[in-house]
Protein chains: 4
Amino acid sequence: MRYMIFGESHGPCIGVVLEGVPAGLALDLEAVQRELDRRRPGQGELSTARKEADRVQVLSGVFAGKTTGAPLAMMIENTDQHSGDYEALRYTPRPSHGDYAGFIKSKGCLDLRGGGHFSGRLTAPLVAAGAVAKQILNERGIWVGAHISSIYGISDRALEDTEELKPLAEKEFPVLDDTKGEAMRAAVLEAKEEGDSVGGAVECAVTGMPAGLGAPDFGCNVEGVFAQYLFAVPAVKGVDFGAGVALSLMRGSEANDPFVVEDGKVVTKTNHAGGVNGGITNGMPITFEVTIRPTPSIALPQESVDLRTGEEVEIEIHGRHDPCIVLRAVPVIEGVAALAACQVLGI
Amino acid sequence: MRYMIFGESHGPCIGVVLEGVPAGLALDLEAVQRELDRRRPGQGELSTARKEADRVQVLSGVFAGKTTGAPLAMMIENTDQHSGDYEALRYTPRPSHGDYAGFIKSKGCLDLRGGGHFSGRLTAPLVAAGAVAKQILNERGIWVGAHISSIYGISDRALEDTEELKPLAEKEFPVLDDTKGEAMRAAVLEAKEEGDSVGGAVECAVTGMPAGLGAPDFGCNVEGVFAQYLFAVPAVKGVDFGAGVALSLMRGSEANDPFVVEDGKVVTKTNHAGGVNGGITNGMPITFEVTIRPTPSIALPQESVDLRTGEEVEIEIHGRHDPCIVLRAVPVIEGVAALAACQVLGI
Amino acid sequence: MRYMIFGESHGPCIGVVLEGVPAGLALDLEAVQRELDRRRPGQGELSTARKEADRVQVLSGVFAGKTTGAPLAMMIENTDQHSGDYEALRYTPRPSHGDYAGFIKSKGCLDLRGGGHFSGRLTAPLVAAGAVAKQILNERGIWVGAHISSIYGISDRALEDTEELKPLAEKEFPVLDDTKGEAMRAAVLEAKEEGDSVGGAVECAVTGMPAGLGAPDFGCNVEGVFAQYLFAVPAVKGVDFGAGVALSLMRGSEANDPFVVEDGKVVTKTNHAGGVNGGITNGMPITFEVTIRPTPSIALPQESVDLRTGEEVEIEIHGRHDPCIVLRAVPVIEGVAALAACQVLGI
Amino acid sequence: MRYMIFGESHGPCIGVVLEGVPAGLALDLEAVQRELDRRRPGQGELSTARKEADRVQVLSGVFAGKTTGAPLAMMIENTDQHSGDYEALRYTPRPSHGDYAGFIKSKGCLDLRGGGHFSGRLTAPLVAAGAVAKQILNERGIWVGAHISSIYGISDRALEDTEELKPLAEKEFPVLDDTKGEAMRAAVLEAKEEGDSVGGAVECAVTGMPAGLGAPDFGCNVEGVFAQYLFAVPAVKGVDFGAGVALSLMRGSEANDPFVVEDGKVVTKTNHAGGVNGGITNGMPITFEVTIRPTPSIALPQESVDLRTGEEVEIEIHGRHDPCIVLRAVPVIEGVAALAACQVLGI
């Protein structure tokens with residue numbers, strides 16, 4: 001299964017083509033839509049004011065309700081574009097956006113309206129593709145769950161059992177500890193009021209993967225496969241498996257996961273390795289945390305350079321932006337994790 | 001440029017084939033050897049007692065001192081193998097090693113001697129391939145440097161300028177602050193004496209990369225390309241770009257890198273993004289930190305399971321192991337970063 | 001540059017996503033449409049009676065008339081579908097169609113209407129993608145041309161100079177010798193009247209490719225790259241470079257292409273090698289001939305098997321079909337050759 | 001499974017790394033050697049006088065007689081090199097060799113001794129890799145066979161049943177009709193005496209492939225996968241499936257393969273499609289013919305250009321060459337077909 005996404009924030013539509021989908025899957029389009037709704041903008045004070053219905057349409061690859069094995073194309077129309085806001089920024093790139101790098105790459109020919117192809121809006125087709133992948137995995141007893149593990153330094157409580165993630169897909173604010181969730185919301189709103197934004201992290205688990213998949217080598221190791229999918233999500237700047245960066249603080253005797261037998265099955269007592277040893281799945285949940293940078297679009301004045309004159313200038317970004325994208329990133333991370341899991345499974 | 005490594009810890013040799021090497025490079029084989037020597041075991045009390053000369057031989061792809069553009073194959077002979085130590089472990093996998101995952105994958109047919117193909121020894125051909133990549137990059141004004149950023153919680157001082165990394169390639173213990181280096185060494189030795197091991201982190205920078213390379217999409221984004229190479233290094237469990245996990249604690253106004261003009265060139269005042277915006281290089285050094293887990297091989301008794309009987313057993317690992325692989329990982333990380341940079345450059 | 005096509009003959013639309021398009025190309029959409037018009041059905045007695053306007057719409061990747069470097073998505077709506085004709089064939093596969101192979105692959109879940117994703121109609125997005133590739137090549141002084149080299153054993157006269165192909169793009173029936181063209185038409189019409197179809201061949205040349213591209217090895221050799229694109233065109237069953245199968249009849253002294261100097265440039269007197277030696281371009285036009293099988297859809301009764309009962313049955317195919325697809329294949333072959341040439345050029 | 005070959009005709013060795021080999025295969029190294037012996041030079045008056053033992057050594061990937069799933073590296077030493085013959089040709093490229101194209105690509109830095117990496121000798125590691133693939137296929141009831149279908153216009157009799165190919169692996173001159181074989185030998189010897197060479201063709205079949213593998217799309221269609229492997233064999237200039245180029249002469253009613261039931265199984269009465277419909281296997285043998293060009297190295301004087309002066313010169317090639325490589329190509333074609341079949345099977 002391979003995908004290509006297309007579209008721009010302010011073009012007619014955005015979409016995805018998914019090649020290699022197994023035939024015969026009774027595609028639950030409502031479930032795909034539910035995943036999109038989790039990511040949809042304009043749902044509350046924590047996200048951008050842009051309103052998009054984000055209704056997914058299937059263009060190909062499904063017949064009589066079942067996947068045919070032919071490329072599955074899905075499209076989402078763009079409806080609520082305010083294009084006037086952006087053209088001014090062509091030559092005064094927004095700090096930490098793709099504007100400058102994209103300007104150089106495209107020799108000035110990029111579509112800046114709403115971030116163009118760099119827009120976080122392009123994560124919608126990723127969610128749609130991921131929702132298909134989730135259905136494929138579910139049929140094999142594999143599921144994917146995630147929670148907001150931190151926002152602006154406020155951490156959710158530690159995940160004790162991946163089963164705890166299952167009910168979170170229904171929650172508007174997917175944390176394990178709602179008190180922490182309230183504090184996170186407050187931090188986001190405070191930043192918003194100050195014209196600023198905040199970063200955070202999402203912890204995700206893929207449960208039910210059989211042991212013995214992958215290889216230590218380049219292109220095959222499970223961590224590398226997952227990382228390739230995860231870093232294709234805008235704003236992801238770090239990917240850490242199992243105990244993650246905490247492993248750098250540990251001794252081997254702490255970090256090693258002892259083998260024990262549970263219900264006649266070999267498992268590990270802890271899962272500091274995040275379900276992967278030597279690049280190969282060991283049968284435990286694949287767990288990882290991704291770092292999500294603060295939204296680069298902030299209302300505060302910022303330093304930039306006019307690319308025509310080479311002069312330093314101060315810019316202010318108008319338009320509608322999320323003060324924190326961690327919340328909306330949760331179904332995206334789950335979706336691309338599902339796509340990665342399919343690749344590891346050879347689907 | 002693509003590579004394949006081959007070999008096992010206790011087989012006749014280990015090696016690498018590098019396809020797509022540009023023709024006409026005057027290959028400095030001594031420089032390749034110097035990189036291997038940085039990684040070589042048996043050099044001090046901090047690393048395994050195994051003695052290997054690790055002399056690299058070129059089998060193909062070089063003629064009259066220059067690369068021909070044909071696949072460049074390099075081989076390193078194994079000489080100091082003690083194979084008697086390992087067979088006992090076939091059915092009692094070592095915690096957090098590739099043993100169990102590999103056993104399942106290979107239906108029991110894996111070569112366990114010295115870790116077989118999972119051995120850290122397989123990083124030697126990676127270093128050799130990376131040394132070739134470094135020479136290709138150097139011709140284009142690009143260089144790669146790294147330092148031990150932490151061991152067991154003891155951090156090197158912060159990197160202020162990537163130029164500081166240049167002299168470190170000559171240092172036996174590549175840290176910016178030698179006092180911190182001494183404390184790290186002490187921590188390693190203490191763990192070693194207790195039959196234990198420690199983890200750490202390596203920070204790396206690729207300097208001189210032009211702006212405008214990469215794309216936001218899957219398979220093309222710069223972070224994803226680097227991550228795929230980095231996770232193919234055994235023991236790497238996390239990859240974080242720029243300010244890394246600290247971005248989750250930041251506001252946008254702190255995290256954003258303001259554009260300024262320096263020597264007539266557009267640069268960013270800070271480099272929290274690690275040289276990449278929207279998956280595309282922005283001309284600043286590509287910087288990242290990798291988390292290196294503690295060596296799973298420790299002398300202390302550990303819990304395992306006998307895969308034949310399904311009974312829980314206690315095991316003790318004999319053999320020669322590094323109490324900390326962070327030190328020897330430095331040239332490996334640099335090497336694979338160089339390979340990744342070549343891919344980003346379309347070499 | 002990579003592409004994915006999607007769609008089915010009787011779905012809402014067909015389309016293509018083209019990733020890695022260089023930014024800054026002033027896309028001539030009229031030229032893309034002209035290529036589609038060359039392939040369009042319903043234009044005369046030689047092709048299917050299906051009427052399709054085949055108007056291409058750009059969904060993404062172009063801004064202010066120029067490519068942005070983001071994925072370029074193009075869509076063509078389906079309008080003239082007669083879906084009633086096909087469902088009967090689900091369990092009685094048409095000989096030499098994808099029906100049976102597709103049935104097994106999809107466990108019966110394929111979309112058979114009009115051939116579904118197997119339809120020759122899916123070559124329209126290939127033509128659109130190829131038309132973009134042609135524009136990219138033209139900017140670099142490279143062009144692609146083709147002619148019908150034979151239909152049902154009636155051969156066009158031999159191509160003496162690739163320049164002769166240039167005016168053929170304007171011809172309704174692209175042959176070098178119109179008398180031969182008339183005979184070919186007659187053969188097609190005769191087959192059509194008898195409820196049958198005929199096969200043929202297309203010869204194609206890519207002119208202006210620089211010498212020194214490619215490599216002898218798997219995945220890199222120029223013939224292999226072209227073949228991979230060409231065999232992705234339905235009905236192509238053979239790909240032969242340069243003198244093609246005639247090389248099997250030759251001696252080395254005949255087959256070898258002597259080097260001579262022309263206008264101060266090293267060229268070969270003949271081009272039996274089709275512009276490729278050792279898997280690498282030699283600067284001569286890349287030439288090849290593809291064999292196009294007769295349309296499998298014929299009106300004559302044929303033998304099949306009822307997949308439900310396992311009984312042999314006689315079937316008759318209704319619907320609208322081309323008695324010969326060689327004519328409409330010409331712009332398709334040119335288009336995929338252009339895509340292949342881009343890959344060889346590293347675009 | 002992916003491979004990389006390395007080595008030059010006159011370097012220390014040639015070899016191959018095969019990644020993704022399934023673990024647990026009891027590798028029959030004698031069988032690998034037998035395949036190499038079929039391709040080995042110096043065995044008779046029909047091939048080059050170069051003497052090579054071509055003993056294969058396994059460097060990695062096999063433990064206790066079984067594949068471990070780690071990269072399988074195999075090496076063959078070069079022993080009988082006469083390097084003096086070649087350096088003179090650096091600036092006067094041999095017609096239809098890789099010399100000129102390789103010179104341009106490598107900016108003059110190629111290893112010309114014995115053809116360097118372009119040498120037909122590099123097909124030995126392909127044979128070794130293919131022999132491993134054959135063993136993997138055999139375990140699944142799939143086998144590969146081939147015969148010389150023509151040399152210099154003398155055709156072997158038509159293949160009626162792929163079973164006829166099975167005994168040919170034991171024959172020194174693998175044809176179905178030995179009378180035709182004698183005539184072919186005579187044609188080769190006559191060319192040899194005249195300082196010339198001849199071309200020919202090899203027909204190959206892969207029998208036992210299940211129906212339903214592949215897809216019509218780029219990168220997945222079975223013909224495209226096979227072609228990519230086949231064109232990576234030096235001297236292959238054409239690949240034609242099933243009835244091949246004869247399909248261009250046929251009507252649909254002749255070309256279509258009627259479905260019938262045989263032993264309760266759906267098969268086709270004829271196999272003009274070569275076992276592939278719509279890019280997907282249909283359960284019939286995959287059959288194809290490859291065109292092998294005449295050896296470009298001939299003793300007759302030939303026209304070339306001195307790349308230093310730009311003057312036209314006459315050259316004579318010395319050294320030891322095969323007057324016809326079709327004979328030695330048979331195990332090579334079988335081997336790469338086996339590798340292609342593994343890819344189609346997802347191995």
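**Ground rules.** I am working from a predicted model, where local features need pLDDT of at least 70 and side-chain atom pairs count only at pLDDT 80 or more, while totals for chains, interfaces and linings use all residues. Residues are numbered from 1 along each chain as its sequence is written, chains are lettered from A and ligands numbered from 1 in the order in which they are written, and side-chain values use heavy atoms, with hydrogens and water left out.

**Entry 1: chain A with chain D.** The side of chain A that touches chain D has 3 nonpolar, no polar and 3 charged residues. For these classes, Ala, Val, Leu, Ile, Met, Phe, Trp, Tyr, Cys and Pro are nonpolar, Asp, Glu, Lys and Arg are charged, and the others, Gly among them, are polar. Salt bridges (a side-chain nitrogen of Lys or Arg within 4 Å of a carboxyl oxygen of Asp or Glu) also come to 0 here. Each chain brings 6 residues to the contact, which means heavy atoms within 4.5 Å. The two chains bury about 330 Å², 50% of it on carbon and sulfur atoms; buried area is the accessible area (1.4 Å probe) that two parts lose on being put together, summed over both.

**Entry 2: chain A with chain B.** Here I noted 92 residues from chain A and 92 residues from chain B in contact. Their buried area is about 7200 Å², and carbon and sulfur atoms give 57% of that. I counted 8 salt bridges across this interface. One I wrote down joins the side chains of A:Arg251 and B:Glu194, at 2.6 Å from N to O. Strand S10 (residues 236–241) of chain A gives the most to the chain A side, with 6 residues. That side divides into 44 nonpolar, 32 polar and 16 charged residues. Helices (H or I, at least four residues) and strands (E, at least two) are DSSP runs, numbered from the N terminus.

Entry 3: Is B:Gly275 buried or exposed? B:Gly275 is buried, with a relative accessible area of 0%; buried means under 20%, exposed over 50%, and partly exposed in between (1.4 Å probe, protein chains only). I placed B:Gly275 in the loop between strand S12 (265–268) and strand S13 (276–277). Leaving aside residues up to four places away in sequence, B:Gly275 touches B:Ile280, B:Thr281, B:Asn282, B:Met284, B:Pro285 and B:Ile286. B:Thr287 is 12 residues along the chain from B:Gly275, and their C-alpha atoms are 6.6 Å apart.

My other spot, B:Thr48, is in the loop between helix H1 (29–39) and strand S3 (56–60). B:Thr48 is also buried, at 8% relative accessible area.

**Entry 4: helices of chain C.** I found helix H5 (residues 222–230) mostly covered, with 9 of its 9 residues buried. Among them are C:Phe226, C:Tyr229 and C:Glu223.

Next I checked which residues of H1(C) meet H7(C). On H1(C) they are C:Glu35, C:Arg38 and C:Arg39, facing C:Arg328, C:Val330, C:Pro331, C:Val332 and C:Glu334 in H7(C). I sorted this contact into 3 nonpolar, no polar and 5 charged residues.
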